[in-house]
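I opened the notebook to record what I looked up in this model, element by element. The entries follow the order in which I went through the sheets, the cores and the backbone.

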Amino acid sequence: MKYYEVDFNITPCTEASADVLSAIVAECGFEAFENTAHGIRGWVQQTLLHKEELDTVIATFPIENIGITYTVTEAAYENWNAQWEDEGFQPIMLYASELPADTEECLVCIHDTRHTDVPYARFDIRINPCQAFGTGSHQTTRLILHQLLEMDLCGKHVIDAGTGTGILAIMCSMLGAHDVFAYDIDEWSVRNAISNLQLNNIDNVRVCEGDSAVLVQEHRFGVQPADLLIANINRNILLADMPRFASCIKIGGQMLLSGFYETDAGVLQQKAMELGFHLEVTCTESEWTMLLFRKKA
């Protein structure tokens, strides 16, 4: 996906002012920061940058006598997964317990086509990541995979929002889902997900390019009301898209969210409750959190 690179000039520039600015603009959708000689540099998806909102938070900066200006440039569209594509990635194994041992069963093995010397696993998933997120190495992906293994997906309709490499859609299919509708805003991710579905001989997953608007365009995409919706996306997108998520989940259906820190769980839970969901499961790994909700009658 495409990003803007935003350079913030802080006068005078102090560690405290830089930290506060990072925290504030993170609320505007910024995903990463680095310190510079005169302030901070941040990156935000182009679709999430709203100049009016950014100007407002800067104008109300809580530290007095601080001046802040910024410049916006289009970030180079780099292939962040070049090393994975060239060298592959180390296989990732999920075991029946948190502490793997030789005697324990490997439930899920995620590996690329370069690694064939992998242990037998109940679910063997092969992926080749190409400019897409999701090899199973990130905590949020593992949190969702562990939760899916605890669920009965047989015959269920599933939506995978922000599918990335398609790994979660593949897992749902292997767990017996009737069908999966997957979408991603990034063209590279859509192509990669389709390639990985073919690699795993999965034929009941449909992948579409677009944002959450595709969920309400049923006349075009034929999206089934979901028994389960999965979204492993950052906090701000989850908050913005949750009303659309709610509209396409059946009464009694579930919504499985990750992609955010434990400190963000409260605001997401509050939003879900306002939309008619109640919390069933919370799980955290290294400050990253997963929430499982059910839609009430």
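**First sheet and its helices**

I began with helix H1 (residues 15–26), which lies across S1, S2, strand S3 (39–45) and S4 and runs at about 145 degrees to S1. Before going further I noted that this is a predicted model, in which local features need pLDDT of at least 70 and side-chain atom pairs count only at pLDDT 80 or more, while totals for chains, interfaces and linings use all residues. Residues are numbered from 1 along each chain as its sequence is written, and side-chain values use heavy atoms, with hydrogens and water left out. For the elements I used DSSP runs numbered from the N terminus, with helices as H or I of at least four residues and strands as E of at least two. The angles run from 0 to 180 degrees between N-to-C directions, on axes fitted to C-alpha atoms, for helices over the stretch in contact, and contact means heavy atoms within 4.5 Å.

I then looked up helix H2 (residues 51–59), which packs on the sheet by touching S1 and S4, its direction making about 155 degrees with that of S4. The sheet itself is open, with four strands in the order S2-S3-S1-S4 and antiparallel pairing; two strands count as paired if DSSP finds at least two bridges between them. Strand S2 (32–36) and strand S4 (67–74) stand at the edges with a single partner strand each, so one side of each has no neighbour in the sheet. On average, neighbouring strands here are turned by 20 degrees against each other, direction ignored. Between strand S1 (residues 3–11) and S4 I found eight bridges in the antiparallel sense, with Thr-11 standing opposite Gly-67 in S4.

Next I took the open sheet of three strands, whose order is S5-S6-S7 and whose pairing is mixed. Its edges are strand S5 (92–95) and strand S7 (123–126), each with a single partner strand, so one side of each is left without a neighbour in the sheet. Neighbouring strands in this sheet are turned by 10 degrees against each other on average, direction ignored. Strand S6 (residues 106–111) runs parallel to S7 and is joined to S7 by four bridges; the partner of Ile-110 in S7 is Ile-125. Helix H4 (residues 139–149) packs on this sheet, touching S5, S6 and S7, at about 40 degrees to the direction of S5, and helix H5 (residues 167–174) lies across S6 and S7, at about 150 degrees to S7.

**Strand S12 and its partners**

I followed S12 to both of its recorded pairings. Strand S11 (residues 226–232) and strand S12 (residues 249–261) run parallel and are joined by six bridges, with Leu-228 opposite Gln-254 in S12. From S11 the chain passes through helix H8 (residues 235–247) to S12, a β-α-β crossover that is right-handed, a term which means that, with the strands pointing away from the viewer, the path from the first strand over the helix to the second runs clockwise. S12 also pairs with strand S14 (residues 288–295), in the antiparallel sense over seven bridges, and Met-255 has Phe-293 as its bridge partner in S14.

**Cores and cysteines**

I looked up the nonpolar cores, taken as sets of buried Ala, Val, Leu, Ile, Met, Phe, Trp, Tyr and Cys residues joined through side-chain atoms within 4.5 Å; buried means under 20% relative accessible area, exposed over 50% and partly exposed in between, with a 1.4 Å probe and protein chains only. The largest core has 46 residues, and Phe-8, Phe-245 and Met-255 have the most contacts inside it. H8 gives the largest share of this core, five residues. Apart from it lies another core of 36 residues, including Phe-123, Ile-125, Met-151 and Leu-292.

I found zero disulfides, a disulfide being a pair of cysteine sulfur atoms within 2.5 Å. The cysteine sulfur nearest to that of Cys-109 belongs to Cys-106, 5.3 Å away. Cys-109 is buried at a relative accessible area of 0%.

**Backbone entries**

The peptide bond from Thr-11 to Pro-12 is cis, with omega near -10 degrees, and Pro-12 lies in the loop between S1 and H1. Asn-65, in the loop between H2 and S4, has a positive phi near 60 degrees and is exposed, with a relative accessible area of 74%.
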